[in-house]
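Hi there,

Here is the structure I promised to pass on to you.

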Amino acid sequence: MIINLSETNSLVGEWLSEIRNVDVQQDRMRFRRNMERLGEIAAYEISKTLEYEDKEITTPMGIATCRVLKAQPVLATILRAGLALHQGLLHYFDKADHAFISAYRKHNHDGSFDISLEYVSSPSIEGQVLILSDPMLATGSSLVKTIEHLEEIGKPSHIHLVVAIACTVGIEYVLRNTKANLTIWAGDIDDELTAKGYIVPGLGDAGDLAFGNKLQQ
């Protein structure tokens, strides 16, 4: 299932307009905060799909029956670009355990690139709902490799993939190359991908915009 959060009128469109805007992007704090906001909205929407149970709560005046989560999801993100989006999810799922993955493009001299995955820290995800965040779903290669590696640790009951901007090419690649029970939540979806694997119009490099330009190696 694919959900484009921009298909209905909401503040998501306002925040995305700032995230994409080359002038507003110069304010790193605002860029990170808008990413957090997208994570918060995605968390709220995902929360509607989870399982709940009744719990009796003692109030100063008596007993109230409340609907609470049966189990917390596990929040996972791809370092470093996903940290702000991850923080937004954490604001809502503040009791969740966390997984962190270092996955990045290792560029070759001929212009091609490989996906390098060097670090994974994860709690048990067997049978759990996993929410995986990464700002950009471009080619889909890093996300597929990340999902494959996480599934070697344990098989989640469902994976919710949260991205700020997705490309149709990347969405198709992910759906074609993973058998996971998967839902994709995108702030917006663009159709064009360059030969170097960048989304157009996209927003640029989310990691650099959030945390500063990295050294090129």
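Strand 7 (residues 129-133) and strand 9 (residues 158-167) pair in the parallel sense over five bridges, where two strands count as paired if DSSP finds at least two bridges between them. Helices (H or I, at least four residues) and strands (E, at least two) are DSSP runs, numbered from the N terminus. Four of the five residues of strand 7 are buried, buried being under 20% relative accessible area, exposed over 50% and partly exposed in between (1.4 Å probe, protein chains only).

Before I go on, please note that this is a predicted model, in which local features need pLDDT of at least 70, side-chain atom pairs count only at pLDDT 80 or more, and totals for chains, interfaces and linings use all residues. Residues are numbered from 1 along each chain as its sequence is written, and side-chain values use heavy atoms, with hydrogens and water left out.

Now for the charged pairs. A salt bridge here is a side-chain nitrogen of Lys or Arg within 4 Å of a carboxyl oxygen of Asp or Glu, and the count comes to 10 salt bridges. One of them joins Arg30 and Glu18, at 2.6 Å from N to O. Because Arg30 lies in helix 2 and Glu18 in helix 1, this pair ties together parts that are 12 residues apart in sequence. Arg30 is partly exposed at 34% relative accessible area, whereas Glu18 is buried at 16%. Another salt bridge runs from Arg20 to Asp188, with the closest N and O atoms 3.3 Å apart. That pair links distant parts of the chain, with Arg20 in helix 1 and Asp188 in strand 10 (residues 182-190), 168 residues apart. Arg20 and Asp188 also belong to a salt-bridge network with Asp190.

Gln25 sits in the loop between helix 1 (11-20) and helix 2 (28-47) and has a relative accessible area of 7%, so it counts as buried. Its side chain reaches the backbone oxygen of Leu203 at 2.7 Å. Glu40, in helix 2, is buried at 12%. Its side chain makes a polar contact of 3.2 Å with that of Arg33; a polar contact is a pair of N or O atoms within 3.5 Å, where within protein one must be able to donate a hydrogen and the other to accept it, and residues adjacent in sequence count only if both atoms are side-chain atoms.

Finally, have a look at two cis peptide bonds. One joins Leu79 and Arg80, with omega about -5°, and Arg80 is in the loop between strand 4 and helix 3 (83-92). The other runs from Val200 to Pro201, with omega near 0°, and Pro201 is in the loop between strand 12 (199-200) and helix 6 (206-211).

Happy browsing, and do write back with any questions!

Best wishes
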